[in-house]
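Try each task before reading its solution.

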Amino acid sequence: MRQKRAKAYRKQMAYYKYNFKFREPYQVLVDDELVLESSRIKLNLSAALERTIQAPVKPMITQCCMEALYRSKNEDAITLAKRFERRRCGHRDPTQEDKGVKKPHDCLWDVVVVDGQNKHRYVVATQKDKLRQRLRRVPAVPLLYVNRSVMIMEPMSSVTERARELIERGKLVGGLNEVVTASKKRKTTEDGSDSDSEGSEAEGDKPTVKKRKGPKQPNPLSIKKKKTPTTMARKAVSDAKQEGEATAGKKRRRRHHGSTKPSDEGETAKPSGVAAAPAAAPAAVSEEKVEDAGEHVSRKDVKQAQADAAAAKGDQAPVETEE
């Protein structure tokens, strides 16, 4: 497809989408003659439809068109048509084979045109010139056909152009966001097709609530939680328990640095920093005996030990040692 033609098709489908509420995937109704032509020229019909419309599509075929294909006995066309979704037209009587079946172009007209408009937003792909001429009188009906193995989209008809201008003028007068148009919802009818229906009167009458503009509220996660009386009381009890345990666990230990401790015999203890002399040892120890014993003790230490022993015994007389 050439770039100029593709741009025109894309612009035309945008008009149908924004003015006439068409939605993706677009519902494309094909007739029996288009399926026969596609099978004859070996055209991938689904890919050609998507390439022309430039959007996802959902090909559909009516029961009357399928009956016409069965009568043609073209197996390739029948196999191709069976891939499409079946649209129930209600013309065929299930109890009798041929009773109630209409011609394909009459069947398509009855399915597409409901109360003089394209209610279900169908895109019609047909090879019948008479059917396309009739559908040009109905607003908002995109028309497709195949010409020399090329899919063509017809330009918007004059009826569709006038309907589009009226819609644009209505938007300028009534506003873009109307309550009635906003309450429209898409629902599935009994025949399996999609249609738009207006919301209930109660919903349409409700005024739209405008959002208040102003400073935003702070982040709830960053706000400190409020203290309730129960939580405060629990916290006070827990703090009191912790303080009691801390005071009970910590006992003051007294350290006796250089103090004397009375013994069981009534004697006073020596200072911790001074070596204790034995009780049976004599008060005066000669330097010669110390040297003979082989002990490496200085004279100063000996004198100090003698003074300490004398101070410990107090008024007791020193014991003389035998030589």
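The exercises below go from the whole chain to single residues.

This is a predicted model, in which local features need pLDDT of at least 70, side-chain atom pairs count only at pLDDT 80 or more, and totals for chains, interfaces and linings use all residues. Residues are numbered from 1 along each chain as its sequence is written, and side-chain values use heavy atoms, with hydrogens and water left out.

**Exercise 1.** Describe the protein chain as a whole.

Solution. Start with secondary structure: the protein chain has 13 helices and 10 strands. Here helices (H or I, at least four residues) and strands (E, at least two) are DSSP runs, numbered from the N terminus. Next comes burial: 27% of the 323 residues count as buried. Buried means under 20% relative accessible area, exposed over 50%, and partly exposed in between, with a 1.4 Å probe and protein chains only. Finally, take contacts, meaning heavy atoms within 4.5 Å. Of those between residues at least 6 apart in sequence, 60% join residues at least 24 apart.

**Exercise 2.** Work out how helices α2 and α4 pack, and classify their angle.

Solution. First, locate the pair: α2 covers residues 32-40 and α4 covers residues 63-72. Their axes are 9 Å apart, at an angle of about 45 degrees. Axes are lines fitted to C-alpha atoms, for helices over the stretch in contact, and angles run from 0 to 180 degrees between N-to-C directions. Angles under 35 degrees count as roughly parallel, over 145 as roughly antiparallel, 65 to 115 as roughly perpendicular and the rest as oblique. The two helices, α2 and α4, are therefore oblique to each other.

Then list the contact: α2 contributes Asp32, Val35 and Leu36, while α4 contributes Cys65, Ala68, Leu69 and Ser72. By class, these residues divide into 5 nonpolar, 1 polar and 1 charged. In this scheme Ala, Val, Leu, Ile, Met, Phe, Trp, Tyr, Cys and Pro count as nonpolar, Asp, Glu, Lys and Arg as charged, and the others, Gly among them, as polar.

Last, look at Asp32 itself, which is buried with a relative accessible area of 9%. Leaving out residues up to four places away in sequence, Asp32 touches Cys65, Ala68, Leu69, Pro104 and Lys128.

**Exercise 3.** Which residues does Val28 touch, beyond those up to four places away in sequence?

Solution. Begin with its place, strand β1 (residues 26-30). Val28 is buried, at 0% relative accessibility. Its partners are Leu49, Ile53, Val57, Lys58, Pro59, Met60, Val123 and Ala125. For Met60, 32 residues away along the chain, the C-alpha separation from Val28 is 5.8 Å.

**Exercise 4.** How many disulfides does a search of the whole structure find?

Solution. With a disulfide taken as a pair of cysteine sulfur atoms within 2.5 Å, the search finds 0. Check Cys64: the nearest cysteine sulfur, that of Cys107, is 3.6 Å away. For Cys65, the closest cysteine sulfur is also in Cys107, 5.6 Å away and too far for a bond.
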